[in-house]
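I opened this notebook to record what I looked up in the structure. The entries follow the order of my reading.

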Amino acid sequence: MEEAAHNTCAAEAIEVDRPLAGIRVLAIENFIAAPFATMWLADAGAEVVKIETREGGDLSRSTSPVKPGDDGEPRGLSFLRTNRNKKSVTLDLKHSEGKRVFKALASKADVVLENLRPGVMDRLGLGYAALSGINPRLIYAAISGFGHDDIQPSPFSDFPAFDIVGQAMSGLMYRPERTGDRPTYLGFSLADIQCGILALYGVILALLHRERTGKGKKIDIAMYDASLILNEISVAMYSATKRISPPGVHAVTAPFGTYRAKDGYIVIAVLGEHIWRRFCEVIGQPELVADQRFGEGSARRKHMDELNAHIDAWLGEKTRDETLRMLRAGGVPCSTVNDVPDLFDCPHVAARKMLMTLDDPVWGPLQVAGNPIKMSDVPEPDAKLPPKLGEHSTNVLHEWLGMTEGEIGQLREQQVI
């Protein structure tokens with residue numbers, strides 16, 4: 001008994017030690033952007049409740065690739081990536097009783113975070129204007145392709161958008177090295193994840209501001225905006241020079257890219273003349289510092305063919321390990337170029353606990369990306385499985401709203417939950 005009590009107290013202490021313990025979040029979300037933001041809130045100790053449709057829930061539950069569970073329902077891999085440590089409540093937001101219940105939950109919440117099309121929540125009578133009247137302390141965060149007109153209007157606000165749209169419209173697809181003139185999709189959900197990061201940042205800012213003012217606010221994150229700021233160096237350089245940087249090339253310096261050693265690729269990153277001097281010493285050609293073609297970063301970029309000839313000759317038959325040892329000893333930033341399988345064997349990834357294992361009953365033990373925010377006196381986040389659809393409906397309605405079994409049963413009969 002004493003051991004059990006001790007374990008319970010230890011578990012409670014872990015939750016209290018998390019920075020957002022006690023914060024309640026309602027998530028109306030699908031796919032990647034908002035679920036990433038709320039997952040990180042949950043990792044930080046917030047109680048995150050996903051409000052899902054009764055039929056199917058979050059669309060990522062059934063997005064390929066999927067495996068069928070014992071109940072025959074699809075279990076999407078995408079859902080497992082972005083929904084650990086959350087609770088699920090099913091609720092029909094088009095039903096009058098569903099609206100009533102959601103408003104009651106919002107009156108008890110600290111944060112509502114959604115990534116529906118702009119205007120959907122307003123048309124349901126559940127947007128920021130309606131909810132802030134019920135709960136003036138509520139923080140309402142919205143992620144969309146082009147933003148919400150009540151905050152900062154866009155002529156594109158009604159357009160649908162996925163991650164690739166943000167990458168395309170922000171100019172990012174012209175930045176990678178490529179063959180020919182065809183723009184290149186970066187191959188991962190960069191814009192979605194960036195939206196999640198910025199939404200999380202906005203929520204934290206709003207929580208801090210609420211401590212001083214007692215008032216909540218609306219946060220408006222547009223995917224186009226979130227992607228554009230990732231292209232900021234190209235924006236600044238074009239404004240200053242009216243020239244577009246070549247694809248795959250750093251706008252202001254060289255060498256800054258991939259090079260082939262005997263047994264694979266490495267990257268060399270020379271940024272600043274002090275590192276250029278170090279690099280010339282490492283490759284045994286200190287005289288290059290005085291060469292006018294290579295006098296500063298932009299000049300070196302213009303003469304990359306000549307510069308690369310010197311670097312390729314130095315690399316010669318050197319292995320990656322040999323090359324990296326020399327560069328690091330000389331204080332030059334460099335690394336191997338890892339492919340995904342290399343991450344599973346990387347000592348840094350293991351030491352920093354950047355792969356988290358979910359023991360999923362359908363997919364089996366599955367490793368997903370861990371949480372990159374490391375803090376003193378805060379334990380690593382749990383690896384609780386994403387919730388089953390509606391798994392916590394009874395629990396949340398009872399704990400948040402004090403509903404009885406009879407009241408909850410009536411909502412089930414009405415097909416509200």
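**Sheet and backbone notes**

I began with the sheet of this predicted model: it is open, has six strands in the order 5-2-1-6-7-8, and pairs them in parallel. I noted strand 5 (87–90) and strand 8 (218–222) at the edges; each has a single partner strand, so one side of each lacks a neighbour in the sheet. On average, neighbouring strands here are turned by 20° against each other, direction ignored.

I then looked at one pair. Strand 1 (residues 24–28) and strand 2 (residues 47–52) are joined by four bridges in the parallel sense, and Leu26 stands opposite Val49 of strand 2. Helix 2 (residues 33–43) packs on the sheet, where I found it touching strand 1, strand 2, strand 6 (111–114) and strand 7 (139–144). The direction of helix 2 makes about 150° with that of strand 6.

Next I checked the backbone for exceptions, as most residues other than glycine have a negative phi and most peptide bonds are trans. In the loop between strand 1 and helix 2 I found Phe31, with a positive phi of about 65°. Phe31 has a relative accessible area of 28% and is therefore partly exposed. Gln415, in the segment after helix 18 (405–413), has a positive phi of about 60°.

I recorded a cis peptide bond between Ser64 and Pro65, with omega about 5°; Pro65 lies in the loop between strand 2 and strand 3 (66–68). Another cis bond joins Ala254 and Pro255, with omega about -10°.

Conventions
Residues are numbered from 1 along each chain as its sequence is written. This is a predicted model: local features need pLDDT of at least 70, side-chain atom pairs count only at pLDDT 80 or more; totals for chains, interfaces and linings use all residues. Side-chain values use heavy atoms; hydrogens and water are left out. Two strands pair if DSSP finds at least two bridges between them. Helices (H or I, at least four residues) and strands (E, at least two) are DSSP runs, numbered from the N terminus. Axes are lines fitted to C-alpha atoms, for helices over the stretch in contact, and angles run from 0 to 180 degrees between N-to-C directions. Contact means heavy atoms within 4.5 Å. Buried means under 20% relative accessible area, exposed over 50%, partly exposed in between (1.4 Å probe, protein chains only).
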